Amino acid sequence: MEQSAWVYILLTAVTVTLGLWVDNREYVSGYIRGGRRCLTRWDAGGGIGICDRQRARNRVAAAAVYCLMTAVSACRIAVGNDYWVYRDNFKLIAQKRHVASEFGFNYIVEWLQKLFGYDNYLPVFAFFSIVTVWFFVKALHDQGQYFAFSLYLLMTGGYYFNSLNSVRYYLALAMALFSMKYVLRGEYGKFILIILAGAMFHKSVLLVIPTYLAARILAAAPLKRRHYIAGLFLLVCLVFGQELCREIIFFFYPFYRDSAFDTGQISYANILKCGCVAALGLICCRQSLREDLANRFYFFLNLFGLVIYCCGSFIPEVSRVGYYMIISQVFLLPGLLAQIPGKGLRRLCYVGVILAFAGYFFLLLKGMYAMDVRLLPYRNWIFN
């Protein structure tokens, strides 16, 4: 790896260190339940108190994390294999020519170019970086009981760094992550509105509506025979109904047929990740999965992701489909590990997860030089 890879390594180390200052465990349950926001302290009489020291520290540390992540993303130039493709599309949009991207994305790009000037693409990339990172950090702040650990998983799992590529998709993914709290609250109207807004940038996010709702239903009720029958039916459809599924996909994305994305490749790394997380939950954390609604919800999403990666290789860009589900691991793993009985076993599992994701991050960095990724070398318009 050459020198610029240290930008990503140091960013991860510094942001996770700052994340250690965030201690919002006692507030997350309130965020997920909804109701009064946790930015103010409510006394027994119902009055509004001032923001306490820990909450102020949380907000300052989270803001610092957000600024650092946004700076690296927003200031990039020529980073990502589709960077110049997006730049060409920006010009076509300004010329009011046909571009395959969704209307919300096209409208904002057109408006930004009217504001900053034709082919002034740096502010356009910066705008989407600012919004995408906000949804990521806000989701971790509101739902991550162990903010630093969730941030570590987000960074080393590649979700943030891959957002420097595929701008539209990762904005939709960040919005899907942010929307999970509304599913847990049962505020389905807000959830659907956020996903519909995300579909204005990448319509694949619409699949999370039935997926997240199904996971919420399964998490809230004891499993019965009908649930197993429904799951078996869906599994049979994935195995034996592949041609029908492909035709449905190509109806929405006709340009994926026989393209470079339609390779039938199996993601063994994601299968291994999902399988290990599922095994951890079933072997070490059954009590947590029985009693904690949020952990059950995230666990079922991870299980859905495992099925997709094992049986859905016929889906073009199957990793993008699976990411909508397995990104829940950034909340699930810290929640499960904290509930493992026995200090020795708990420490061993913590070390194992940290090392596993560190190894995955190292392999991710090595792969960033590939021509179909090109996230390294990192360049920005300030120094380059």
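R25 has a relative accessible area of 44% and is therefore partly exposed (buried means under 20% relative accessible area, exposed over 50%, and partly exposed in between, with a 1.4 Å probe and protein chains only). This is a predicted model, in which local features need pLDDT of at least 70 and side-chain atom pairs count only at pLDDT 80 or more, while totals for chains, interfaces and linings use all residues. Residues are numbered from 1 along each chain as its sequence is written, and side-chain values use heavy atoms, with hydrogens and water left out.

The partner of R25 is D23, and their side chains form a salt bridge (a side-chain nitrogen of Lys or Arg within 4 Å of a carboxyl oxygen of Asp or Glu). D23 is partly exposed too, at 30% relative accessibility.

Let's look at the wider set. The structure has 10 salt bridges, including these pairs:

| Pair | N to O distance |
|---|---|
| D23 and R25 | 3.2 Å |
| K138 and D142 | 3.4 Å |
| R185 and E187 | 3.4 Å |

Next comes the pair within a helix. K138 and D142 sit in helix α6 (residues 121-143), 4 residues apart, or about one turn of the helix. Helices here are DSSP runs of H or I with at least four residues, numbered from the N terminus. Both K138 and D142 are buried.

R185 and E187 are joined through their side chains. R185 counts as partly exposed because its relative accessibility is 21%, and E187 falls in the partly exposed class at 23%.

Finally, there is a network to explore: salt bridges link K96, E110 and K114.

Conventions
Helices (H or I, at least four residues) and strands (E, at least two) are DSSP runs, numbered from the N terminus.
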